[in-house]
Structures are given as C-alpha cells and as structure tokens.
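Let's take a friendly tour of the pockets and cavities in this protein. Have a look at the model first, and then read on.

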Amino acid sequence: MTLKDNMQANEPPKPSQLDPETKLGELAVQLDLEAAAEHKDEYLIDSLIKFQRLANYITVAQIFLQSNALMTREMTKDDVKRRLLGHFGTCPGLNLLYAHTLALLAREESKGQQRKTIFITGPGHGAPAILSCLYLEGSITHFYPQYSMDSVGFEKFVRAFSWPGGFPSHVNAETPGAIHEGGELGYALSVAYGSIMDKPHLLTVCVVGDGESETGPTATAWHGHKYINPRDSGAVLPILHVNGFKISERTIPGTMDDYELVTLYTGYGYQVRFVEYGDTTDTSHEHTVALNVNLAASMQWAFEEIHKIQHAARKEGTPIVKPRWPMIILRTPKGMTGPREVEGARLVGSFHSHQVPLPKAQTDDGQFAALIEWLSTYKVHELFEEHRIHSGHGWFVNEEVMRIVPKEPSLRLGMVKDSYSMYKPLHLPEFVEFAITTKEASLMKAVGGYLADVVRKNPHSFRIFSPDEFESNKLDGVFEATMRAFEWDPETAKPGGRVIEMLSEHTLQGFLQGYLLTGRHGLFPSYEAFLGIVTTMIAQYSKFRKVAAEVAWREPCASLNYIMTSTLWRQEHNGYSHQNPGLIGNLLTLPQNMVRVYLPPDANCALSVMEHCLRSTDYVNLIIGSKADTPVFLSAEEAHRHCISGISVWRKYSTDEGLNPDVVLCGIGVEVTMEIIAAAKLLQMEGVRVRVVNVVCTPFTVFDGSTTLGTENLDSQVDLMTLGEPGQHPHALSAEAFTGIFGTDVPVIFNFHGYPMHVQGLLFSRNQSLGRKRMDVLGYIEEGTTTTPWSMLRMNKADRFHICYLAVTGIASRDPNSRIASRAAELGAWYKHQDVVHERYAVANGKDSEDVTNAQVMFEA
C-alpha cells in the first residue's frame, strides 16, 4: 500500500478558527494604541522616525543628484543628473516598512532572540528606497566596498543609482538580500512562501503593492499559507501597501473600504490588521509619531501571532487546524514626504508622484527650486556628525538614527545568508540503480521511481511543485516515499509531504523560485501545453540568475528543473487545445549559457537526464518526455554514453553501423524517434543505406573510475544548441563534428518533437544547411484534433511514410543515376498510399493499425 492509498474521499472541510458569531465590523484586529504609545521608547520610535527621514532623503538624492549629495555647498543645476530615472511614489512606504522590520529585529535581538529575516518587495521599482536602507544598515558597503560608509563613499553611492555601471532602477540580483526580480509584477508573495518552506527559523516580510495585488498570480498566492506546515517551515508576514494609485489610475484596493478589504482577506484565511495614515494633510510630528506607534505595535502583534502558531505546532504537539496567520494592510498616501503639488498638479496622494515628481529639475528654475526645498524638509544635517563629513573619515550618521539596526550584521536584511549563500547539493542515487531492462516503459514512470528515492535521501531539501496532474503524468511512484503537502486538507496530505499540487502554475513557479534561491532543490512537472503559462516568469528568473552569476558574492543555486510531459503527440484524446510545444522556442531565446532543453528518447536516457539536472546548478533545464509506454532503445550503459555526447549515430539501427549512408535520419524526441527508426527499417528493406542519428541534448556525465557510470559535470558537452552555429552557441558542434555526423552531400531529415522552425533556426547559419535543399526538418505544424495517436504524426507529416517519401525523393534529386532514383516515383507513391491506408483504418476502427503500433517487431535492432 502506498501513502496515497490512505486518502479519504469527500471529507467535509475542517471548521474555520473564526467565531461564527463574529460581526463584520469585528473582523479587523484591534490593538490598544494608547497603551502602545506608552512604550514609545521600547518601540524605538524616535530612532525609527529619524532613520526614515534619512532614508527618504537618500532616496530622493539617488533619483536626482549626481554630486553634492551631502549638501556641503550651495546646490546648482550641475549637481542634478541629466537623465532622471526611478520611481518615487512607493518609496516612502517601503522605507517605513523596512525601518520597522529592522526595529523589530533589533528589539528581539535585545531580548536575546535572533530571527533571520528576508525582506521582499513586490514594488520592485522602489529600488531607491531599498538601496537607501541597505546602505544605512551597512549591507551595501559589505558587498560593495567602493561605496564606503563615509562622505566619499556616500557621494559615490548616490551617484550610482540609474547610472551606467551602477545600480539599476529596479531591485535585481545586484541588490543585497533580494530573491525576487523587481520587474514583472505578481510574484512577490509566492516567492516569499517558497522561501520559508523547510526553514523553520526564517521569517519573510513581503510587501505587496496594491497595483501588484490586481494581478492573477498574486490573487492565488494569498492561498500560500495553506501549504505551510508551522512545525517544519518558517512564516511569511504579508503587508499589503495601499497607496491608492498605479502609474496613472486608482488601484482596485485603493477604491475598497476597510469592510471590503477585511472580508476579502479574512476569507483567504488571514487575521487582518489595518494601519492607517489618516489625514493626508497632517504632516505634524505628532501625526508621524502616532503612525509609527501604530505600525510598531502591529508588527509586534504579527510577530507574536506567528510565534503562537509555531509554538503550538512545535512545542505543544497540538497544531492549530487552519491557523489564521497575521497580515497587515498599510494605507499611506502615494509619494508622502514629497512636494504636495508642482505646477498646479497634486503630487502627494496622486499618481503624479509615481515616477519622478520633478522631471525638469535639471533645466527648469521652478522645479530646481522645488527640489532644493524638498531636500531641505528632511533636515538631515540634524542627523549627521558634521565634523566627520568635512574630514571625509568615518561614518557620519549619529547613533540615534542607527539604534534600529541589529548589532549582529548577519541579522541585517541585506546580509542574511539564506538569500545568497545556502546552496548544498542533493544526495542523489545513481540512475543505473533504476535502469529499465524491459522492452517498453514509460519515461515518466521510470523517473517517478527515481524521484521517490531522491525524496527519501533528501527529506528536507527537495520538493516537487505540480499542477493537478501529478498522477495523470504517471509520476505517482513518488508517493511510495512521500505525500502531498496541503495543511488545510489533512486527510489527503501529511506533515512533511514533498509534493505541492495547486492549479496555479504562477504560484507554483513562485514557490519554486523562492525555494531554490534560498538554497534548496525542486522540480516542476506539468502538461506540455500549459507549462508555457509561466514563460515570462522563467524569463524574469533567468535574468535574475544571469546577473547573479556576474555578482561575485552570490553563490550558485540549484537549477530550475521542469518536466514537460503529456506531450502533444499523445494528446490525441484531449485534442487541439492540448497540443502546444511552444515553450521550447521561448527558452531558446534566453541566455544561451543558461538554458538546456532535453529530449530523452527512452526511459534509460530520461533517468540519466534527470540525475544530471538535479546535480546541475544555475541552468534552466527543460526535460520533455512521453508518459506512455514506449520502446526502450538503449541499455543503461548505452544511454549513458549517448547522453555524454548528446548526439550520436545509433549504429545498431543503421546500415553497416552508419557507414556510407544514402540518407541521414535524425530523431529529436520520443515519438518522432520511433518514426525515424521505423522509417529506417522500411528504407533498408528497399536497399537504402541509412544512418540513424539521435539528439538527446544532455551534456553531463563521464566515467570517473569510482563507479560503473560516473556522474561528474561536464560543462563543455552539448545540448539542443548542438545544431547551432559554432561561436553563437556555447555547445555547438564544430564544423568537423557536424560533417562527421551529417555528411556533406547526402539528404538529412530531422524529425523534431516541436515546431520545425526551432531546429531550422539553429541550422540556418550552417554552411551546408537548409539553403542548399539538403536538409528537411519535420515536426509539429499545428495540425491537431481528437484522433488516434499515430494519426497525430501522420497529420503533421512527421510519420515514417512521409520520412521515407522525403528520403527517396531526396536521394533521387541528389543522385539521378542511383538505383533508388530509378524507383523513386514508385516508392514515393507507395509511401503516400500507406498514409492514406492507415488514415482510412483509423477512421473505420477508431484505433491505429497494428502495422504502425507493433513496437516489438519494428524497433528491435
């Protein structure tokens, strides 16, 4: 019996922790703010306010100034940057929240508690704020010593924002503490939840912008807490920052009152605490103090609620069923602390403050004067040790500002190692232990058995994130070792379950990214047609990791691994909507040194590929394979040798081991390779000399002497880009190697799993390629419906008979005097006729003829 057999069906949902007698107006969490105000000193309110003043000043300086950032002389227009870039509107709110997160950690540190915390910002365009706080806490200088904590380093730092060779305008991999690319919106919260899985002592504070909250991925990510086991994992504190505006329009949350918001997020399962700025015209010190007392008390409340939930699960042994985790909704005016209006246009509390509030400050006298007045409102010289500025030596910010910064550097938000330096390799079984010796096998079943052992050996550092397709994709062998993780449904999931299923590819992708970027390993299997939903997320992640590889202090992390199955060639039952291999092409446009596309032709190759991908770091690995039973062409050792080279001549299926061919047939994928081998056999029966080639796209293992089959990484081997032009692709075959496999004057027919154009694009620059009419590329050409499996190949002209037709006509065209040329018309007509015969058979019988499905006869060498 497997663990999944213990599942109970149709269990009613567990009751909520909500009191059914609770009235709508009582849902929001209430705190005694008068009592909280008596603890101003404990909350470090004075230090909090001063830190924010300085952080806001530095934020504005970064956007506007290229020199004189400390205002040690009279400001001139020459001090203003020529190109004003950045986004101010969200920054004061981010500085407010960053400062309070630091203060919470400092207060806990003073009690002897050290809590590792990551700070994620959904509004990634608020980089000036994050960079300001990182500089003040010392993280910028720690990782970038050129920006020293003295007046000289400060001037360099301010100038560097949105400056060539400096910091970009969005949070990215160069930003200490960042594990989320601040570009495309929608993924901050799911990344946050992924980051704390299996890290019981980690807290991730995640700021979700109200514009970002409009996205579909964020809407589903709010369910993330339902997959968090408080015994084994950390916690996320979500903070919805409602400043009311996007670039030029109100946000949806900005139009919702507290009743509407509290019912929405209570329904998600949270305890909701509002922190309201209140009167936007009130800029008095008393108002600022009240806001900070409110937020400090709310942060402390949230921290204590998290502790209660975790304590019940870890110490008391009676975990709370459906715990209601805390969240904060912070309402502040967009662009607060900025100019109230400019040239008659309102700025504070308006979309006009979203980007650069004074876009003509470098050229317009009025806006330049407004900038000087704006900078002066922060009164930063009250926060400086002036003599240190003038001497150019030492940190010039007074101690009161810095009281909220934890004394232990590793507790500061930019220095938490979990965000950049926690990778540890998996303990992996060797794939040969799971070698398939039968004549047929499902690639996915073979991989599922292997993954079960991966789970056993790595119970706290490996997870699988899958839509509701895991068993359908025949990976359920994993359930021999684990179960699903779904805290809100304890009947179908168990604590410690390694498989998360959720019908939101975006949320799963975010979980996976957060999990990888904090040092662990994961896998994302999905239907081929729908994995493309996360295409732009993959692109954003790839950009993050590309930059990370260029940042000296960021260490490698596990590769982003995908299995793409339930492929188009076996979606004849679901039909045209389920036939889409387009993700391959999208990945080929990403940085070529990062992407690997693998198309193992059989189960043993799939096992070898899986082991390699789980050992690799910093790649985006896409494994494409069938879940149906298909021929096992290669033994484990043969598969291993084939995967070392990535492309090889399959001698046992070729004429005289591939010598002196009349035609070269190359398969790239499972079903299409089956047709290549079937075509080779048909052609050989007519006296055609055939060389069979297969591309598996797998650069990795070598014999290392310690075991039968070694597993050492080889970065110099090949992948799908084998076929590309040398010099453009890092693993492209040399001209000599390409000629050795494909010859110079014989027809070559590629049968590719996906769209032909993707292989055609790789071949285009080869000297002997498509332009010389020697090479044909077959594949999916958007001909699909509900039909029989083999009919899918026939409809897309990727079947054995069409391959044979192209082969004989190609041979005749290149050598009109050959024996095959004299029979080309006869053979060509016969092959076309066979397609018609098998089409009629499928229509008449509702299944394919055994002539095209009898693998035992056709594929035995």
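How do the residues of the lining of the second largest pocket divide into nonpolar, polar and charged? In this predicted model, that lining has 2 nonpolar, 7 polar and 6 charged residues. The second largest pocket has a volume of about 390 Å³. It is lined by 15 residues, and the closest to its centre are Gln113, Arg115, His307, Gln310 and Arg314. α11 gives the most to this lining, with 7 residues.

α11 turns up again in the largest pocket, where it gives the most to the lining, with 5 residues. The space in the largest pocket is about 820 Å³. Of its 29 lining residues, Thr283, Thr288, Thr337, Thr377 and Tyr378 are the closest to the centre. Two or more residues each come from α3 (45-64), α4 (91-110), α11 (285-314) and α12 (365-376). By class, this lining has 12 nonpolar, 12 polar and 5 charged residues.

Now for the cavities: a search of the whole structure finds 4 of 30 Å³ or more. Here are two of them.

| Cavity | Volume | Largest share of the lining |
|---|---|---|
| Largest cavity | about 120 Å³ | β1, 3 residues |
| Second largest cavity | about 90 Å³ | α18, 4 residues |

The lining of the largest cavity has 10 nonpolar, 5 polar and no charged residues. Phe119, Ile130, Pro176, Gly177 and Ala178 are the closest to its centre. The second largest cavity has 7 nonpolar, 3 polar and 2 charged lining residues, with Glu181, Glu184 and Phe544 among them. α16 (505-517) and α18 (535-549) each supply at least two residues of that lining.

Conventions. Residues numbered from 1 in each chain as written. Predicted model: local features only at pLDDT ≥ 70, side-chain atom pairs only at ≥ 80, totals over all residues. Heavy atoms only, no water. 1 Å grid on protein atoms, 1.4 Å probe; cavity = no way out; pocket = protein on both sides within 12 Å on 5 of 7 lines; lining within 4 Å. Points joined across faces, edges and corners; volume = space filled by probe spheres on them. Nonpolar A, V, L, I, M, F, W, Y, C, P; charged D, E, K, R; others polar.
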